[in-house]
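Please look at how the parts of this protein model meet one another, both between chains and within a chain.

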Amino acid sequence: MEIDLIFRIAAIGILVSVLNAVLKKSDREEQAMMTTLAGLIVVLMMVVKEIAKLFDAVKTMFNF
Amino acid sequence: MDIVKIAIIGIIAVILILTIKKDRPEFGIIISIVAGIIIITFILGKLAAVIKLLEMYSNKAGISNQYLIILLKITGIAYISEFAAQICRDAGESSIGSKVEIASKIIIVVVGIPIITAVLDLIISLIK
């Protein structure tokens with residue numbers, strides 16, 4: 001679970017930035033924005049799950 | 001040996017953040033959040049042993065469990081607010097970070113009211 005999550009997010013980030021550059025060159029500005037938003041949403045979904053898991057662990061640990 | 005794993009995770013995360021931060025800054029912050037989460041979930045297991053030790057000795061010393069629970073709750077609140085405030089500062093929003101910290105201080109005082117009243121009652125009873 002641990003390190004590959006970082007690599008997955010980094011890969012999505014690099015992919016989005018490359019796609020952005022390509023789409024900008026072929027002057028499709030709005031699609032570039034779309035891919036950025038899509039990539040961001042995918043990554044945010046993963047991160048929110050991880051944050052929820054962390055806060056649950058802290059809650060059970062410090063018996064809130 | 002665990003510290004080696006944590007150090008490696010931190011270094012790899014920093015390198016990845018630097019590569020991505022130039023053209024996609026929001027991904028840089030997300031990677032730093034995930035790296036923080038991984039390191040802390042890794043360490044929480046060790047923390048459980050410390051808390052068990054505290055509980056064992058507080059029972060042995062006859063201290064009522066109620067105060068220990070409040071202390072643990074306060075450290076939990078302090079840790080979560082520190083986690084959020086540091087992320088806000090990393091992203092450059094230090095005003096939001098300080099708001100989170102002020103809110104957590106107020107919550108800690110509210111949670112700590114039973115301890116404060118106990119101490120004050122003790123002092124008053126000594127004075128009289």
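## Basis of the model

This is a predicted model, in which local features need pLDDT of at least 70 and side-chain atom pairs count only at pLDDT 80 or more, while totals for chains, interfaces and linings use all residues. Residues are numbered from 1 along each chain as its sequence is written, chains are lettered from A and ligands numbered from 1 in the order in which they are written, and side-chain values use heavy atoms, with hydrogens and water left out.

## Where chain B meets chain A

Chain B gives 34 residues and chain A gives 29 residues to the contact, a word that here means heavy atoms within 4.5 Å. Together the two chains bury about 2,800 Å², of which 86% is on carbon and sulfur atoms; buried area is the accessible area (1.4 Å probe) lost when two parts are put together, summed over both.

On the side of chain B that touches chain A, the elements giving two or more residues are α1 (2-21), α2 (25-61) and α3 (65-90) of chain B, where helices are DSSP runs (H or I, at least four residues) numbered from the N terminus. The most comes from α2(B), with 17 residues.

## The two domains of chain B

Chain B is divided into domain 1 (1-63) and domain 2 (64-128), with bounds that come from an automatic or database domain assignment. Their C-alpha centres lie 21 Å apart, and the contact takes 13 residues from domain 1 of chain B and 9 residues from domain 2 of chain B.
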